[in-house]
Amino acid sequence: MFIFNIKNQLRTLLEGHDLGKYLRSHHKQSNGLWDISDGSLYRMFANGKLLLDRFGLSLLITTDGVPVFNSSNVSMWPASLMINELPAKMKKKFLMLIALWLGKGKPNCKLLFENLVDQIKLLSQTGFQWTFRNKKVSSTVDVIAVIADSVARAPIQNCLQFNGFFGCSWCEDPGQTYNHTHVYKFDRNSSLRTKESVEEFHASNSFHVYLEQKKICPAELYEARKNLRLFVERFELLYGLGNMTFNVHQLLHVCDCVGSLGPLWGYSAYSFEDLYGKMMKMFNGSMEHKKLAIKL
Ligand SMILES: [Zn+2]
């Protein structure tokens, strides 16, 4: 496993590509959800710190298994990050690799994230200095969300997987077993998790994790929420309880996610696929792990 230095990488990226002039340059003043910075999570983060601090950085972190075609035994799990304060196209261009796990099976998420959490905690408290237009500026760094698919989410949050009882991190619906499948019957009155129940849900303190068009206005979000609820309700009537899987149930929470983090494109896992594609091309099954890390 390889852990890379976040502070040094950020400094090199910001100074080497003169990214300071782009930070927050795309933030809109008008109403509606244009980007992750318009979501409630960003706006309320640490008493509005991210709205006020010109050079404050917030990150999205992701990890996922990348298949290694020429090696049946080894799998590769990179952890990478995206800077939210950059404009959309630049966010995808300037992704950073912060950890890499190579081995058999799945990685130990505690090991993978332990050092990263320590690095982020320190950067959040003390920040780091870098040079912008020949002046020293200071940036604090915070993680506001972790992108993970349903399988990776459970070990990262150290909670039950989606196919277990109470496996949904959004609500308190326990689900039920139906024909050997864990299903979620549509419940008009199911209640969302409170802050306390979310804390209870996460057995340990690792990362607190928390509609696709360019701009989403409140009326559109309201309409989308209403229609998705109707879709899920009718889905059960049409296809039966046996098909009310976790993926269908998640549609009930998509709008909460958009309210918190803005339009879906801003935190899509697809943004990281180019990076993973490049990494796969560098990887040769017989290559020593150290050589791969040096190449990266
Ligand atoms: Zn739920």
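Two residues are in contact if their C-beta atoms, placed from the backbone, lie within 7 Å. This is a predicted model, in which local features need pLDDT of at least 70 and side-chain atom pairs count only at pLDDT 80 or more, while totals for chains, interfaces and linings use all residues. Residues are numbered from 1 along each chain as its sequence is written. The protein has 12 helices and nine strands, where helices (H or I, at least four residues) and strands (E, at least two) are DSSP runs numbered from the N terminus. Of its 296 residues, 27% are buried; a residue is buried if 20 or more other C-beta atoms lie within 10 Å of its own, exposed if 12 or fewer, and partly exposed in between.

**Around Asp149**

- Asp149 sits in the loop between β7 and α6 (150-157), and it counts as exposed because it has 12 C-beta neighbours inside 10 Å.
- When its neighbours within four places in sequence are left aside, Asp149 is in contact with Asp64 and Ala269.
- Asp149 and Thr63 are separated by 86 residues in sequence, and their C-alpha atoms are 8.8 Å apart in space.

**The open sheet**

- Five strands form an open sheet with mixed pairing, in the order β1-β4-β3-β2-β7, and two strands count as paired if DSSP finds at least two bridges between them.
- The edge strands, each pairing on one side only, are β1 (2-3) and β7 (141-147).
- Strands of a sheet pair through backbone hydrogen bonds, either parallel or antiparallel.
- β1 runs antiparallel to strand β4 (residues 96-103) and is joined to it by two bridges; Phe2 stands opposite Leu100, and Ile3 has Ala99 as its bridge partner.
- Strand β3 (residues 75-83) also pairs with β4 in the antiparallel sense, over seven bridges, and here Pro78 has Leu100 as its bridge partner.

**The β5-β6 hairpin**

- Strand β5 (residues 128-132) and strand β6 (residues 135-139) run antiparallel and are joined by five bridges, with Trp130 opposite Val137.
- These two strands form a hairpin with two residues between them, and Arg133 in the turn has a positive phi of about 50°.

**The nonpolar core**

- A nonpolar core is a set of buried Ala, Val, Leu, Ile, Met, Phe, Trp, Tyr and Cys residues joined through C-beta atoms within 7 Å.
- The largest such core has 46 residues, and those with the most contacts inside it are Leu59, Leu60, Ile61, Ala99, Ala145 and Val146.
- At least two residues of this core come from each of α1 (6-16), β2 (57-63), β3, β4, α5 (109-126), β7, α6 and α10.
- This core lies between domain 1 (1-148 + 271-296) and domain 2 (151-268), because both give residues to it; the domain bounds come from an automatic or database domain assignment.
- Leu59 touches Leu81, Met82, Ile83, Asn84, Val141 and Val143, if residues up to four places away in sequence are not counted.

**Helix α10**

- In helix α10 (residues 254-261), the buried residues are Cys255, Val258 and Leu261.
- Seen down the axis of α10, these buried residues fall within an arc of 145°, so they line one face of the helix; the arc is that of the directions from the helix axis to the C-beta atoms.
- The cover over the buried residues of α10 includes α2 (40-44), β7 and α8 (218-239).
- Gly262, which follows α10, has a positive phi near 85°.
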